[in-house]
Each structure stands twice: as C-alpha cells, then as structure tokens.
Amino acid sequence: MLQDPEKSWADAVRNKMGLEPGREFDELEEPRRTWAYYMLDAVGRGRGVIAALKPHGWHAGIRFLDAGCAYGGYLVAASEAGAAEVVGIDVDADYLKLATELLASYRVEGRLEIGSIDDRTLL
C-alpha cells in the first residue's frame, strides 16, 4: 500500500524540525513552528503559481525550471499539471535534501542541482 504523500512529507518536516513521529507542529516554538507550516504548504504554494501561469502559455508537456527551488513544491505542482520534465536548482544543500524527500513523497521524477543560475556547469 502506498503512503499518502502529504503524510510522508509531514514526516520529513517533523524529522527536519526534530519532532518525534506523531507529535504536533503546534508544539514547536516560534519561529520554528512558522517555518514548519511554511514547508508543509510548499506544494500548495506551487499549485497556486502553476494556476497563475496557465493563462500565460502553460501547457502539458512543458519543461519546467525552478531556480531557487527550495523544498521543491513548485516542481511537484508542475509535474501534477503535466510538465514533461521538472528541474530545480538551489544554492542550499539542506533545501535540496528536503526537495528530494518532497519529490519522493509525491512520486515525482525530477532533476535537482546545487548551484546558481550563473553557474555555467549547469547549462
């Protein structure tokens, strides 16, 4: 049986925040509680952005690049909306580790690279 992607992602966020399995995010002190909820909503924010792009040329089969992808929520949303390929770049290895976990939770195949957009080795 496949695990619910939102539960799997919540478990990854709990782990990142040092919460034991099953503990509630409201138990975290600020600002860590706010960061946890921000991470949890990564895919929701991505869905909002993809919805905003649809009237401006979005179509199934598009290749999607997110420079500064952080947790990868936009990549998941782009894949759900029919992107043929999703690629994320970020300068922070910890964010890319979380993005890897998020993409795995939602069973999205994507490419994640550490670096910046002016890094010629990524072209």
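Which residues form one aromatic cluster? In this predicted model, select Trp35, Tyr38, Tyr71 and Tyr95, which together make up the cluster. The structure holds five aromatic pairs in total.

Next, display the side chains of tyrosine 38 and tyrosine 71. Their ring centres are 6.3 Å apart and their planes stand at 70 degrees, so the pair is classed as edge-to-face; the angle required for that class is over 60 degrees. Colouring by secondary structure shows where the two partners belong: tyrosine 38 lies in helix 2 (residues 32–40), whereas tyrosine 71 lies in the loop between strand 1 (63–67) and helix 4 (73–80), so the pair ties together parts that are 33 residues apart in sequence.

Tyrosine 71 is buried, with a relative accessible area of 5%, while tyrosine 38 counts as partly exposed at 40% relative accessibility.

Then move to helix 1 (residues 5–17). The end C-alpha atoms of this helix are 18 Å apart, which agrees with the 18 Å that its 13 residues should span at 1.5 Å a residue. Select the buried residues of helix 1, namely Pro5, Trp9, Ala10, Ala12, Val13, Arg14 and Met17. To see what covers them, show helix 2 and helix 5 (93–105), which are among the covering elements.

Finally, step just past the end of helix 1 to glycine 18, where the backbone takes a positive phi of about 75 degrees.

Key: Residues are numbered from 1 along each chain as its sequence is written. This is a predicted model: local features need pLDDT of at least 70, side-chain atom pairs count only at pLDDT 80 or more; totals for chains, interfaces and linings use all residues. Side-chain values use heavy atoms; hydrogens and water are left out. Rings of Phe, Tyr and Trp (its six-membered ring) pair if their centres lie within 6.5 Å; planes under 30 degrees apart count as stacked, over 60 as edge-to-face and the rest as tilted. Helices (H or I, at least four residues) and strands (E, at least two) are DSSP runs, numbered from the N terminus. Buried means under 20% relative accessible area, exposed over 50%, partly exposed in between (1.4 Å probe, protein chains only). The expected span of a helix is 1.5 Å times one less than its number of residues. Contact means heavy atoms within 4.5 Å.
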